[in-house]
Amino acid sequence: MDGGKCIYRRKARLMSEQDFFKIALSDFAFEAASGGAIRHLADLGYTVKQIGEKLTYPTPPERVRGAVWKHLLETGVILTKEPGSGKEQGKAEYRMERDKYGRTSFRLASSGGDRARSICFKEKFYNETQDGALKLFLGKLCERNGENEVYISCDFGWWSRSEPEKLAEAVEVLNERQQEYISGLPWENIVCYHRLDMRMREIVVKLYEAGYYQGTCYCLKTAERIMIEKR
């Protein structure tokens, strides 16, 4: 009986090692064939659908979606923790250092920047009468802080699971490329925070003007947290 158990354990370990090798080989092939291209196209603003159409190496759509999502997280375009909470660590990086004797070592660092530190925000509510049109208001926030230092909350993942019909109705107000961007990403079932670049600004404004958006805007440089209620 004990001998049988040992044989079973060896077989299980061998299968596990083989599976690990297959996964590692698959990841290596994917990175060599498509990884760099996917990240480059994502940086240029292409949607997941557009990236898939441009790849010369056949890559499953889910693999493209996962690679784009991972890249957006690592570059800080999307955060899964509240900006300025001190919980978002950014992308882990290893930096090579040399001591006075010339010995080399590697130190773990984070490229999180301001989004990785805790910020005491001044809170306010957006008031269309006082602050003007949302498009102009958000534009001014980005001018004061820099586009990379402003984030907006997104409930697309939670919305798609709890009220998919309402989400489908809401995205109808967006143009085709904006719809592709939202539907192409594997949003987690939590509130995420997207950098307020031009595309996301236009998406939020359209949803707000149609009465669908409410959320929070975070300005890291000026330490402002602005609540935006439904119109």
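Me: Helices (H or I, at least four residues) and strands (E, at least two) are DSSP runs, numbered from the N terminus. Which strand does histidine 194 lie in?

Reply: Histidine 194 is part of strand β6. This is a predicted model, where local features need pLDDT of at least 70, side-chain atom pairs count only at pLDDT 80 or more, and totals for chains, interfaces and linings use all residues. Residues are numbered from 1 along each chain as its sequence is written, and side-chain values use heavy atoms, with hydrogens and water left out.

Me: Is histidine 194 buried or exposed?

Reply: Histidine 194 is buried, and its relative accessible area is 0%. Buried means under 20% relative accessible area, exposed over 50%, and partly exposed in between, with a 1.4 Å probe and protein chains only.

Me: What does histidine 194 touch?

Reply: Leaving out neighbours within four places in sequence, the contacts (heavy atoms within 4.5 Å) of histidine 194 include Val77, Ile78, Val150, Tyr181, Trp187 and Met200. With tyrosine 181 there is a side-chain to side-chain polar contact at 2.6 Å. A polar contact is a pair of N or O atoms within 3.5 Å; within protein, one must be able to donate a hydrogen and the other to accept it, and residues adjacent in sequence count only if both atoms are side-chain atoms.

Me: And the rest of β6, which way do its residues point?

Reply: Cys192 and His194 point one way from β6, while Tyr193 and Arg195 point the other way. All of these are buried.

Me: Where does β6 come in the sheet order?

Reply: The sheet is open, has six strands with mixed pairing, and runs β1-β6-β5-β7-β8-β4. Two strands pair if DSSP finds at least two bridges between them.

Me: How many bridges join β1 to β6?

Reply: Two, and β1 and β6 run antiparallel. Isoleucine 78 has histidine 194 in β6 as its bridge partner.

Me: And β5 to β6?

Reply: Four bridges join β5 and β6, again in an antiparallel arrangement. Serine 153 has tyrosine 193 as its bridge partner in β6, and cysteine 154 stands opposite cysteine 192.

Me: What about β5 and β7?

Reply: Strands β5 (residues 150–154) and β7 (residues 215–219) are antiparallel and joined by three bridges. Tyrosine 151 is bridged to tyrosine 218, and isoleucine 152 stands opposite cysteine 217.

Me: Why is β5 said to be largely enclosed?

Reply: Five of the five residues of β5 are buried, so the rest of the structure largely encloses it. Val150, Ile152 and Cys154 are on one side, with Tyr151 and Ser153 on the other, so both faces are covered.

Me: Which strand has glycine 215?

Reply: Glycine 215 is in β7 and is buried, at a relative accessible area of 16%. Not counting residues up to four places away in sequence, glycine 215 touches Ser153, Ile226, Met227 and Ile228.

Me: Changing topic to helix α8. Which of its residues are buried?

Reply: In α8 (residues 176–184), they are Gln178, Glu180, Tyr181, Ile182 and Gly184. They pack against α2 (48–54), α3 (61–74), α6 (156–162), β6 (192–195) and α9 (198–209).

Me: What happens at the start of α8?

Reply: A side-chain oxygen of asparagine 175 comes within 3.2 Å of the backbone nitrogen of arginine 177.

Me: Now pockets. What lines the largest pocket?

Reply: Its lining has 21 residues, and those nearest the centre are Ala42, Gly45, Tyr181, Asp197 and Arg199. At least two lining residues come from each of α1 (2–43), α3, α8 and α9. On a 1 Å grid over the protein atoms alone, a cavity is a set of points where a 1.4 Å probe fits but cannot get out, and a pocket is an open set with protein on both sides within 12 Å along at least five of seven lines; lining residues have an atom within 4 Å of a point.

Me: How many of the lining residues are charged?

Reply: Six are charged, with six polar and nine nonpolar. Ala, Val, Leu, Ile, Met, Phe, Trp, Tyr, Cys and Pro count as nonpolar, Asp, Glu, Lys and Arg as charged, and the others, Gly among them, as polar.

Me: And the whole chain, how many helices and strands?

Reply: The protein chain has nine helices and eight strands. Of its 231 residues, 38% are buried.
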